[in-house]
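Please look through the sequence and the model below before reading on. The paragraphs that follow begin with the chain as a whole and then turn to its links and loops.

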Amino acid sequence: MRIRRILAAVFATAALAGLGLTGATAATATATATSVTPASVTPGECTDNGGTIDRSTPVLPTCRGGMYDGQTVD
């Protein structure tokens, strides 16, 4: 009888650990999907995230420095 309880506890722990790993994998996939940088940023996004707008670039202004360094500003 005691062995059954121990085995039940071992299986329950293994099942819960498996669910924890699945949840961690899903959280990692979600975090990876949301960290994509946009093709262009607004002037406010550039300056709010520590950058400055460089208007000397030929075609479009570019964000210099900060989180969106090198992105075009629209």
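Accessible areas come from the Shrake-Rupley method with a 1.4 Å probe, and for residues only the protein chains shown count as cover. On that basis the accessible surface of the chain comes to about 5,600 Å², of which 66% belongs to carbon and sulfur atoms. This is a predicted model, in which local features need pLDDT of at least 70 and side-chain atom pairs count only at pLDDT 80 or more, while totals for chains, interfaces and linings use all residues. Residues are numbered from 1 along each chain as its sequence is written, and side-chain values use heavy atoms, with hydrogens and water left out.

The secondary structure is assigned from DSSP runs numbered from the N terminus, helices being H or I runs of at least four residues and strands being E runs of at least two. By that assignment the chain has two helices and four strands, and from the N terminus on the elements run α-β-α-β-β-β. For burial, buried means under 20% relative accessible area, exposed means over 50%, and partly exposed lies in between (1.4 Å probe, protein chains only). Of the 74 residues of the chain, 14% count as buried. Contact here means heavy atoms within 4.5 Å, and among contacts between residues at least 6 apart in sequence, 29% join residues at least 24 apart.

Helix 1 covers residues 2-34 and contains L7, a residue that is partly exposed, with a relative accessible area of 43%. Together with I3 and F11, L7 forms a nonpolar patch on the surface, and the three have about 350 Å² of accessible area together. Patches are made of residues with over 30% relative accessible area and no salt bridge, like charges being joined within 9 Å and nonpolar side chains (Val, Leu, Ile, Met, Phe, Trp, Tyr) within 5 Å.

Which two residues does a disulfide join? With a disulfide taken as a pair of cysteine sulfur atoms within 2.5 Å, the count comes to one disulfide, and it joins C46 to C63 with an S to S distance of 2.1 Å. C46 lies in helix 2 (residues 43-48) and C63 in strand 3 (residues 62-64), so the pair ties together parts that are 17 residues apart in sequence. The link of C46 and C63 is right-handed, with 90 degrees about the S-S bond, and C46 is buried, as is C63. Helix 2 is also the place of G44, which counts as partly exposed at 33% relative accessibility. The C-alpha atoms of G44 and V73 are separated by 9.4 Å, although these residues are 29 residues apart along the chain.

R64 lies in strand 3 and D54 in strand 2, so the pair ties together parts that are ten residues apart in sequence. Both ends of the pair have intermediate accessibility: R64 is partly exposed, with a relative accessible area of 37%, and D54 counts as partly exposed at 21%.

The loop between strand 2 (52-54) and strand 3 holds T57. Is T57 buried or exposed? At 16% relative accessibility, T57 counts as buried. Not counting residues up to four places away in sequence, T57 touches T62 and R64. The side chain of T57 also makes a polar contact with the side chain of T62 at 3.4 Å; such a contact is a pair of N or O atoms within 3.5 Å, where within protein one must be able to donate a hydrogen and the other to accept it, and residues adjacent in sequence count only if both atoms are side-chain atoms.

G65 counts as partly exposed at 26% relative accessibility and, leaving aside residues up to four places away in sequence, touches G50 and G51. The loop between strand 3 and strand 4 is also where G70 is found, and G70 counts as partly exposed at 44% relative accessibility. With residues up to four places away in sequence again not counted, G70 touches T62, C63 and R64.

Note on methods
Salt bridge = Lys/Arg side-chain N within 4 Å of Asp/Glu carboxyl O.
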